[in-house]
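Hello,

Here is the structure I promised to pass on to you.

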Amino acid sequence: MFKRNFAKLNQAMGFQRSSNRQKVQPGVSDLSSNERAPNSCHPVINGSAVSDDANYSSWMVDHPSALTSFDQMMKDARGKKIVVFLDYDGTLSPIVNDPDRAFMSDEMRAAVREVAKYFPTAIISGRSRDKVKGFVQLNNIYYAGSHGMDIMAPPRPVRSSDGKYHTVSLDRKGNEAVFQPAQKFLPSIQKILKELEEAIMKIQGARVENNRFCVSVHFRQVRDEDYGILEEKVKSILKHYPDFRLGWGKKVMEIRPSIEWDKGNALEYLLDTLGLGNCTDVLPVYIGDDRTDEDAFKVIQKRGQGYPIVVASSPKDTKASYSLHDPSEVLTFLLRLARWRKASSSSRSLSQIWGVGS
């Protein structure tokens with residue numbers, strides 16, 4: 001009821017967005033053909049085209065704006081420990097044609113830095129850990145690359161409920177631990193990377209990205225008529241690597257080891273390393289825009305408390321409870337979050353607030 005009322009308030013106050021958004025039928029996820037193929041079609045229901053605004057407004061009844069809902073969210077968060085998790089591409093930076101130029105703005109970097117002063121903060125990205133850290137350039141946050149298969153976290157002994165966490169190793173300075181559950185797959189990943197580069201080099205617009213423990217094949221700039229050829233070449237190579245699986249993100253095919261590890265597991269692991277895994281008063285805030293972020297949303301949903309927030313400019317299937325329209329709204333949300341904590345705990349340090357190392 002609360003979400004529905006806020007969505008109605010959002011519409012009544014004129015917060016409906018009327019930008020030129022891609023038209024997507026409600027219930028269509030990022031794994032659909034709309035994301036796989038270079039072009040998508042306008043949705044048609046009962047023989048008539050669906051209005052962008054009507055579509056999006058209807059969807060926001062169940063996924064209200066985290067900005068409109070902010071005051072109530074923070075009211076419910078009082079006395080609890082907020083931990084912030086952020087995706088990178090499409091969340092902290094805009095989606096761009098050249099993945100090497102997905103730079104975050106100075107304003108966004110300052111906002112993330114400010115949030116991390118008051119809350120434990122981590123970025124969980126499909127990029128390699130070194131690459132995303134190079135984009136973000138902040139030292140007061142934790143980084144998890146390769147969809148959580150390469151984590152730099154505090155050196156705290158941890159284990160899951162079934163005791164399956166892998167051994168971690170300290171970095172050169174001895175003050176952080178590197179957790180890499182897919183380490184044994186590195187030789188095969190390098191072989192796949194080389195084969196892919198050779199196989200698709202003649203397909204205009206196709207691009208292979210080495211993300212250390214996974215491989216991304218970008219097709220945002222691939223012509224419609226070449227997409228089928230590209231997909232077939234990728235699948236043909238993967239037939240020889242049964243320990244790997246193929247998935248889709250936003251205009252990208254992603255090849256990952258077939259292990260039980262994803263962004264949701266990474267979220268749980270980081271909470272454990274912070275000593276917060278078993279706390280009942282912890283509120284994870286996770287903001288992300290892609291299909292792989294749904295694994296983290298599911299974990300928060302299962303915990304029964306926390307704020308999963310999807311970044312979406314059009315309706316999509318999601319387990320998120322709230323939404324933000326684009327990275328500019330993510331920036332506004334982060335700034336408000338930092339100001340809220342600063343106002344309510346101006347004289348206390350992070351360690352005093354959470355009882356964890358600053």
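Below is what turned up, taken one region at a time.

Please keep in mind as you read that this is a predicted model.

Let me begin with a pair of helices. Helix α5 (residues 106–118) and helix α11 (residues 327–344) have axes that come within 9 Å and cross at roughly 35°. The crossing of these two helices is left-handed. On the α5 side, the residues in contact include Met-108, Ala-111, Val-115 and Tyr-118, and α11 meets them with a set that includes Val-330, Leu-334, Ala-338 and Arg-341. By type, the residues of the contact between α5 and α11 divide into 12 nonpolar and four charged, with no polar ones.

As a general background, nonpolar side chains in soluble globular proteins tend to be buried together. Here the largest nonpolar core has 57 residues, and Phe-85, Ile-151, Leu-196, Leu-230 and Ile-255 are those with the most contacts inside it. Helix α7 (residues 186–200) gives the largest share of this core, with six residues. A second, separate core has 42 residues, among them Leu-86, Ala-111, Val-311 and Phe-333.

Now to a sheet. Four strands form an open sheet in the order β9-β10-β12-β11, with antiparallel pairing. Strands β9 (207–210) and β11 (244–249) stand at the edges with a single partner strand each, so one side of each has no neighbour in the sheet. On average, and with direction ignored, neighbouring strands of this sheet are turned by 20° against each other. Strand β12 (residues 252–257) pairs with β11 in the antiparallel sense over six bridges, and Gly-249 has Val-252 in β12 as its bridge partner. Helix α7 lies across β9, β10 (215–218), β11 and β12, and runs at about 165° to β9.

Leaving out residues up to four places away in sequence, Lys-263 touches residues including Asp-87, His-147, Tyr-286, Asp-293 and Asp-295. Ala-296 is another of the residues that Lys-263 touches; the two are 33 residues apart along the chain, and their C-alpha atoms are separated by 5.4 Å.

Enjoy exploring, and do write back with any questions.

Best wishes

Definitions and conventions:
Residues are numbered from 1 along each chain as its sequence is written. This is a predicted model: local features need pLDDT of at least 70, side-chain atom pairs count only at pLDDT 80 or more; totals for chains, interfaces and linings use all residues. Side-chain values use heavy atoms; hydrogens and water are left out. Axes are lines fitted to C-alpha atoms, for helices over the stretch in contact, and angles run from 0 to 180 degrees between N-to-C directions. A crossing is left-handed if the near helix is turned anticlockwise from the far one by less than a right angle, and right-handed if clockwise. Contact means heavy atoms within 4.5 Å. Ala, Val, Leu, Ile, Met, Phe, Trp, Tyr, Cys and Pro count as nonpolar, Asp, Glu, Lys and Arg as charged, and the others, Gly among them, as polar. A nonpolar core is a set of buried Ala, Val, Leu, Ile, Met, Phe, Trp, Tyr and Cys residues joined through side-chain atoms within 4.5 Å. Buried means under 20% relative accessible area, exposed over 50%, partly exposed in between (1.4 Å probe, protein chains only). Two strands pair if DSSP finds at least two bridges between them.
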